[in-house]
Amino acid sequence: MAEEAILSVKNISKCFGDLEVLKGISFDIHKGEKIAILGPSGSGKSTILRCINQLETYDRGEIDYMGKPVNSGHALHELRQHIGMVFQRFNVFTHMSVLQNVIEAPVHVKKVSKQEAVVQAKELLKMVGLEGREDAMAKNLSGGQQQRVAIARAMAMNPEVILFDEPTSALDPELVGEVLNVIRKVAAEGVSMVIVTHEMNFARDISDRIIFMDKGVIAVEGTPEEVFDSSNERMKEFLGKFND
Ligand code: ADP
Ligand code: MG
């Protein structure tokens, strides 16, 4: 691709004690691109996302955001404005209202005026289907609604990239669909996304490229068609678990 990558993950390796959990991970993310990361539990998916967002250090390799290393070329608070993250759970401040959750970072980190932040937050809450719920306390919402607040919060910083780490794994099955639909809307906004998920149909629909991680390496990478039709044994075994 001619255009420079927004994020470039170059040969990242990481050990926890004696355990090497990342063994030379490399991939690029271009503007607007959606990448899904699949793989069994323990394969290093969360760790690579956490390395990108500087929540975790790494032993070898380099991660560049806009051509500069994330761990030295950018101030951490600025990096976090550009790279949002949505976790499995514990994303929202339960003691705050829905609106307070969404305006908190724009007002306190980005120094946007409260008035402006509220206008944007209301638009985002509409997008995630929580119009009219601005004053509800986050702790009184369902898991799916809380996760939609978390997505609105991430979007409120106008990030270039959002990293999603199994955003629906902690939800009751009947709440998964509403959150996936909101992520589809976010995707349509043009933000770049990396999504770790076990929702195979969703990954296939939403992504431009899929990465299959196994035991700390990228075992398969390609378009959704290439990856789902892969002859890689571990990939086939993994996908088999979702077909019965
Ligand atoms: P995944 O998200 O693919 O399930 P993780 O990236 O969470 O995998 O973890 C990869 C491996 O690293 C696992 O074996 C996990 O137990 C280990 N691990 C993750 N975080 C830590 C940590 N803070 N300390 C020690 N081991 C860890
Ligand atoms: Mg994980």
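**Chat about packed helices and a ligand site**

Trainee: Where do we start: how do helix 3 and helix 5 pack?

Mentor: In this predicted model, helix 3 and helix 5 pack with their axes 8 Å apart, at an angle of about 25°.

Trainee: What does that angle make them to each other, roughly parallel or roughly antiparallel?

Mentor: Angles under 35 degrees count as roughly parallel, so helix 3 and helix 5 are roughly parallel to each other. Their crossing is right-handed.

Trainee: Which residues meet there?

Mentor: From helix 3 you've got Val-98, Asn-101 and Val-102, and they meet Val-149, Ala-152 and Arg-153 in helix 5. Sorted by class, this contact of helix 3 with helix 5 has four nonpolar residues, one polar and one charged.

Trainee: OK, and helix 4? At what angle does helix 3 cross it?

Mentor: Helix 3 covers residues 98-108 and helix 4 covers residues 114-127; their axes cross at roughly 130° and come within 9 Å. That angle makes helix 3 oblique to helix 4. The crossing is right-handed.

Trainee: Which residues of the two helices make that contact?

Mentor: On the helix 3 side, they are Val-98, Leu-99, Val-102, Ile-103, Pro-106 and Val-107. Helix 4 brings Lys-114, Ala-117, Val-118, Ala-121, Lys-122, Leu-124 and Leu-125. In this contact of helix 3 with helix 4, eleven residues are nonpolar, two are charged and no residues are polar.

Trainee: Let's go to helix 5 and helix 6. How do their axes run?

Mentor: The axes of helix 5 (residues 143-155) and helix 6 (residues 173-188) cross at roughly 15° and come within 8 Å. With that angle, helix 5 is roughly parallel to helix 6. Helix 5 passes helix 6 in a right-handed crossing.

Trainee: And what's in that contact?

Mentor: Helix 5 uses Gly-143, Gly-144, Gln-145, Gln-147, Arg-148, Ile-151 and Met-155, while helix 6 uses Leu-175, Glu-178, Val-179, Val-182, Ile-183 and Val-186. By class, the contact of helix 5 with helix 6 has seven nonpolar residues, four polar and two charged.

Trainee: New topic! Which residues are around ligand 1?

Mentor: You'll find Phe-16, Leu-19, Val-21 and Pro-40 there, along with Ser-41, Gly-42, Ser-43, Gly-44, Lys-45, Ser-46 and Thr-47.

Trainee: How far is the side chain of Lys-45 from ligand 1?

Mentor: An N or O atom in the Lys-45 side chain is 2.7 Å from an oxygen atom of ligand 1. For Ser-46, a polar side-chain atom lies 2.9 Å from a ligand 1 oxygen atom.

Trainee: What about Gly-44: backbone or side chain?

Mentor: Backbone. An N or O atom of the Gly-44 backbone lies 3.0 Å from an oxygen atom of ligand 1.

Conventions. Residues are numbered from 1 along each chain as its sequence is written. Chains are lettered from A and ligands numbered from 1 in the order in which they are written. This is a predicted model: local features need pLDDT of at least 70, side-chain atom pairs count only at pLDDT 80 or more; totals for chains, interfaces and linings use all residues. Side-chain values use heavy atoms; hydrogens and water are left out. Axes are lines fitted to C-alpha atoms, for helices over the stretch in contact, and angles run from 0 to 180 degrees between N-to-C directions. Helices (H or I, at least four residues) and strands (E, at least two) are DSSP runs, numbered from the N terminus. Angles under 35 degrees count as roughly parallel, over 145 as roughly antiparallel, 65 to 115 as roughly perpendicular and the rest as oblique. A crossing is left-handed if the near helix is turned anticlockwise from the far one by less than a right angle, and right-handed if clockwise. Contact means heavy atoms within 4.5 Å. Ala, Val, Leu, Ile, Met, Phe, Trp, Tyr, Cys and Pro count as nonpolar, Asp, Glu, Lys and Arg as charged, and the others, Gly among them, as polar. A residue is near a molecule or strand if one of its heavy atoms lies within 4 Å of it. A polar contact is a pair of N or O atoms within 3.5 Å; within protein, one must be able to donate a hydrogen and the other to accept it, and residues adjacent in sequence count only if both atoms are side-chain atoms.
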